[in-house]
Amino acid sequence: MRARENRNLLLMVAPAIAVGAAFFLLPLARLAVVGASGPLGPQAYLKVVTNAQYFDALLSTIVLSVAVTATTLVIAGIAGVFLERNRFLGREALLSMLTLPLAFPGVVVGFMVIMLAGRTGIAGELSSLLGAGRLVFAYSMAGLFMGYLYFSIPRVILTIMAAAEKLDPALEEAARSLGAGPWRVVRDVILPALSPALIASGAICFATSMGAFGTAFTLATDIKVLPIVIYTEFTLLANIALAAALSMVLGIITWATLASSRALAGTTAAAAG
Amino acid sequence: MGRTRYFYLQLGFTLLVCAFLILPVLMSIVAGLTENFFVGMKSGFTLRWIGVVWELYAQTILRSMYIALATLAVTLVLGVPTAYVLAKRPGLLTRMIEEFLVLPVAIPGLAIALALILTYGSFRDFRTSWVFILVGHARRASARVSGDASSAS
């Protein structure tokens, strides 16, 4: 009886495993092999560090992703705890507007940044009203930063809200009755309790920013972030081995980030993009 | 219950965040309905552009929708039975299977796309067909569904 059930269960997972092997494991192994098959051999992997151009791209992608993650955690942390703690008229509407961008693909996010900071964008209108000239930064690192914030904030707000729901108000009461001010309560009670959610959603945010292609492709025609460099090497320069090696490095970075956050915070995490 | 100063500060902050997310959406809706985007709203409103878009891109839009629906179908067929098994038999083996199946979620789509092209790109008919795009999407989407469903159950 048990053996038959086991066989049936095995039959149910078999297709997913087969597809996983054929369309993920095998291609990834091929990517690793191709990465080492260029004129440089396995040393292509070292190029990421030794070649100034690729190393710069790697570094600026990491700096951008860290900046986006830190800013997103602060913004979404404040808004998320606020929305979870308070009930007021229009809260539902506010929440649905804040989570609307979850459904947007990267290219659409790029377009939204053009609306904000492009040649006819809101930032330009405001700055020329103030007499500071037309402010246009959609196609710069600042534009990328805004775009990545745009798709990160909604995700992180949802995670923070779910975590804030489980906070015990009695602990804050206790802290307050012992004479702690609001900042003290935030620092010593709320932040430690939220830290698993902050670590998990921060890791997702970082990994997503590292690999984001759609938004970067819309805005960053000549900003060197790693996904754009990979695309250029592969499609325009036909530098296939190098593109494969860079992709492997990118994949290892995002995987390692998510795996270590899971070890730290004990929750499942996912990157997108 | 009286609202404190902190309530209004946080509300104001949250409204600003909301403006950052929603204003560009409203602007692009207005831009889509404006007669001449470069002249601005005073040029009047029209539904003409929606017709133009449909005329030019109907094929593309429909193809995107087919791919999305087919991805959903493949994902459900592969993901739901898997999630059932993972939830029914929690153990070392199923844990390892789960790890393996959700791995694609941690790898950027760009790297997976490149890997798929390098592996199957030489089969020309496959490479140029929409099924190729489907495989790429389904691989990541079904990893997501198995992960979500098994953690939900």
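Q: Is R95(B) buried, partly exposed or exposed?
A: The general idea is to take the relative accessible area and see which class it falls in; exposed means over 50% and buried under 20%. In this predicted model, R95(B) has a relative accessible area of 43%, so the residue is partly exposed.

Q: Which residue does R95(B) meet in a salt bridge?
A: Side chains of opposite charge can pair when their charged atoms come close. Here the partner is E99(B), at 3.4 Å from N to O. Both residues lie in helix 3 of chain B, and because they are four residues apart, about one helical turn separates them. E99(B) has a relative accessible area of 28% and is partly exposed.

Q: With which residue of chain A does E99(B) form a salt bridge?
A: The side chain of R262(A) meets that of E99(B), with 2.8 Å between N and O. R262(A) is partly exposed, at 24% relative accessibility.

Q: What does a salt bridge within chain A look like, for example that of R91(A) with E92(A)?
A: The closest N and O atoms of R91(A) and E92(A) are 3.0 Å apart. To read the surroundings, take each partner's accessibility in turn. R91(A) is buried, at a relative accessible area of 7%, whereas E92(A) is exposed, at 54%.

Q: How many residues of each chain are in contact across the interface of chain A and chain B?
A: An interface can be read by its residues and by its area. Chain A brings 68 residues into contact with 51 residues of chain B. The area buried between the two chains is about 5,600 Å², and carbon and sulfur atoms give 79% of it. F23(A), F24(A) and F82(A) supply 12% of the area that chain A buries against chain B, more than any other three residues.

Q: How many residue pairs are in polar contact between chain A and chain B, and which helix of chain A gives the largest share of the side that touches chain B?
A: Eight residue pairs are in polar contact, both residues being at pLDDT 80 or more. Several helices of chain A each supply at least two residues of the side that touches chain B, among them helix 3 (52–85), helix 7 (141–165) and helix 9 (182–211). Helix 1 of chain A gives the largest share, 22 residues. By residue type, this side of chain A divides into 53 nonpolar, ten polar and five charged residues.

Q: Where in chain B is S28(B), and which residues does S28(B) touch?
A: A single residue is read by its element, its cover and its neighbours. S28(B) is in helix 1 (residues 5–33) of chain B. With a relative accessible area of 18%, S28(B) is buried. Leaving out residues up to four places away in sequence, S28(B) touches F111(A), M112(A) and M115(A).

Q: What is the secondary structure of chain B as a whole?
A: Chain B has six helices and zero strands, in the pattern α-α-α-α-α-α along the sequence. Of its 153 residues, 40% count as buried. Among contacts in chain B between residues at least 6 apart in sequence, 47% join residues at least 24 apart. The accessible surface of chain B is about 9,100 Å², with 71% belonging to carbon and sulfur atoms.

Definitions and conventions: Residues numbered from 1 in each chain as written. Chains lettered and ligands numbered in written order. Predicted model: local features only at pLDDT ≥ 70, side-chain atom pairs only at ≥ 80, totals over all residues. Heavy atoms only, no water. Buried < 20%, exposed > 50% of the residue type's maximum accessible area, 1.4 Å probe, protein only. Contact = heavy atoms within 4.5 Å. Areas by Shrake-Rupley, 256 points an atom, 1.4 Å probe, with all protein chains shown as cover. Buried area = accessible area lost by both parts, 1.4 Å probe. Salt bridge = Lys/Arg side-chain N within 4 Å of Asp/Glu carboxyl O. Polar contact = N/O pair within 3.5 Å; in protein donor to acceptor, adjacent residues only side chain to side chain. Nonpolar A, V, L, I, M, F, W, Y, C, P; charged D, E, K, R; others polar.
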